[in-house]
Amino acid sequence: MDPKITEVSQTFERFKAAFVRNDFDTCTRLLSQLKVLLTAFTSLPPLFQETSNAIHELTIARDIYEHAVVLSVKMEDQDAFERDFFQLKPYYTDACGRLPASPQEYPILGLNLLRLLVQNRIAEFHTELELLSQSALDNPCIKHAVELEQSFMEGAYHRVLSARQTVPDATYAYFMDLLAKTVRDEIAGCSEKAYDRLSTSDARQILLFSSDKELLQYVEKFFFLSKLSDQKCCAGASRVGDEGRVYHLPESKRFRPLQGNTVPSAHHSNTQLRKGVGANRLRRYATHLLL
Amino acid sequence: MTQDVEMADQALPSKSLSSPDPSVLPHLKEIASLIETGAYAREVRRISRAVRLTMVLRKKLKASSLGAFLNYVLVPGSDVHSRLSSFLPKEDEHDMEVDSAPSGTPAPVKHPLPELEIYCYLLVLIFLIDQKKYDEAKACSSASIARLKTVNRRTVDVLASRLYFYYSLCYELTGDLAEIRGNLLALHRIATLRRDELGQETLLNLLLRNYLHYNLYDQAEKLRSKAPHFEAHSNQQAIFHTIPFCRYLFYLGKIRTIQLEYTDAKESLLQAARKAPQAALGFRVQCNKWAIIVRLLLGEIPERTVFMQKGMEKALRPYFELTNAVRIGDLELFRNVAEKFSSTFGSDRTNNLIVRLRHNVIRTGLRNISISYSRISLTDVAKKLRLDSPNPVADAESIVSKAIRDGAIDATLDHANGWMVSKETGDIYSTNEPQIAFNSRIAFCLNMHNEAVRALRFPPNSHKEKESAEKRRERQQQEQELAQHIAEEDDDDF
């Protein structure tokens, strides 16, 4: 056997051992070694030269990159995932006629779809989707991602979150957690516009928090985030009143005087607050309440 | 498809009576002399005319007359001659001898012009494709492409662009489009370096077609955005430019649809459908199908007249029913239609787009509900939308809240009571809406005016020779021929 292949497979064995132990430092070190070693094979993309042990080289290279992708998920490194996935892709698309299909192919393609969804790169998501055949679309891993996208677009967020329980593969959990965060932000954004008022307990339920404390923390964060961005956002920002209600102020009510005892009346005896002043005061007051 | 039928009709007589059609050879000779004068005078116009005349003869081509023509134009025994005649079926040997006897003696040109040589390649290639001898056609086209790379003359460009087209076509017919991708890219580069605009346009289209054939939208978009643009020619009157441009617009529309840029996609697709010649029915149907879906995705409902266009009613029927389902906002009906026509949508490769439409169906349904009711409980909303999920009320609530956020409906939610309250629509004239609508219309008119002014520019030297009555007739005729031509080409694509 070619000494180069032997070296690669030996290193790969060590890599796999470290991979099982979740020893990420060793893994990354060995992986970069492996990638350098792979460059010596001329049968790999983009050259695709017909050498005597081309099939063997292609198979081992594909296996290495598949592991690299899964490793990047374990290490929660999205950039590495993207890089490794693009290196892996030619093995699925251009070498499919020469290699037997990999059992990992669909789970990894599904993972990539999920990543694009999490990163909100919907156009790329659909571009990738077009490349898949009908049989691929029926695969549970791919189907999972496709259905998620649909529910996400529709706004059926509960379906997205409940999909967390039915992940087809353990590696999906990381992206599903990220997705849950995205979904929560989406829900918050939607409820801000949709509700005039919402009690704290309902808000907790809608935003899927287990305790009021978490909710308050989130509202605080959400509030500060809106403060950092432009004026429009802060107009719809949430405010926690003393009677334990979260008020969502739609844009139309932006500069109207606030009812009830939530804001000291001395601050705005006149009915109309001026734009900058109103927003600033509101923000200061809400911060005060939260702290 | 239509072409297949035509060819089946014509395959029979060609076998039964193998004697050369007396009318074809003189015509071919005429074309040859046309190319010759065109090449000497460097007049591309004449060569384009020769190509057009060939298309008229296409159906009458026979192996015997072709053989005779090769003998007439090329030096018998030369490399090219032997290579090309080897592609022609042997059974007509006898006829060829008869014909070659008179034409062999004068020996018209010792070194044939490259234009004529390329033309012979084109003729043989078309003949082979029409006879469905795809393997020979592939060999012939590859040989011609190899020869083309060594010729750098602007008068060859027209012939070359046709050759590229048939080169790609015969590989597409055998299903090996991926093989020639590298070659097409190389040719595109050569054409760009030689400033061969027609070649660039043709090759870019072929490449886009090649990528889209395999659904490689990413690569297609990358190539398109980096290749030299030919929107610049969009106003050129020459029909030779508008046809590639139509195709380009169609591919562009498809790419943009996939990448969710619906507004731009709609513009390109509608423009492609409008600019395509009347005769190119297959192409226009395809454009319309995509345009309908894009408009639905945008939340528009195409008018009924779109579906009633002449010759398209049948092909657009599935899309009509689909539109109906979206218009009513009935998920159940939508699902049924999608299922019923799934094979049609599958072959049009619009299945994934139709999946995207589900969301629009819900939106329309929701909008109808919000208009009809001033207050409605979320349970009823879920029932009316026919959401089939384990937790319909929660789903309905989040769907409604998203629709509110996206501005699809004007309403508020009351969580405590579990209902949706529609806001009363105020006077629209008190908002900015009329202003925005007015602005977009003015912009459209101004744009149209500018385009028209730009289109008034004339091609160089046109002021010197006034268009005579005869020329106009000729031009109109060629436009018609071309339109027919593109129609045929498109029929075998779709």
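Reply: α20(B) and α21(B) are oblique to each other (angles under 35 degrees count as roughly parallel, over 145 as roughly antiparallel, 65 to 115 as roughly perpendicular, and the rest as oblique). The model is predicted: local features need pLDDT of at least 70, side-chain atom pairs count only at pLDDT 80 or more, and totals for chains, interfaces and linings use all residues. Residues are numbered from 1 along each chain as its sequence is written, while chains are lettered from A and ligands numbered from 1 in the order in which they are written.

The axes of α20(B) and α21(B), the latter covering residues 378-385, come within 10 Å and cross at roughly 130 degrees. Axes are lines fitted to C-alpha atoms, for helices over the stretch in contact, and angles run from 0 to 180 degrees between N-to-C directions. From α20(B), the residues in contact are B:I362, B:G365, B:L366 and B:I369, and α21(B) brings B:V381, B:K384 and B:L385. Contact means that the C-beta atoms of two residues, placed from the backbone, lie within 7 Å. These residues divide into five nonpolar, one polar and one charged (Ala, Val, Leu, Ile, Met, Phe, Trp, Tyr, Cys and Pro are nonpolar; Asp, Glu, Lys and Arg are charged; the others, Gly among them, are polar).

Next come the strands. Chain B has 24 helices and three strands, which are DSSP runs numbered from the N terminus (H or I, at least four residues, for helices; E, at least two, for strands). β1(B), residues 375-377, pairs with β3(B), residues 419-422, in the antiparallel sense over three bridges; pairing requires at least two DSSP bridges. B:S377 has B:W419 as its bridge partner in β3(B). β2(B) also pairs with β3(B) in the antiparallel sense, over four bridges, and B:D414 stands opposite B:W419. β2(B) and β3(B) form a hairpin with four residues between them, where B:G418 in the turn has a positive phi of about 70 degrees.
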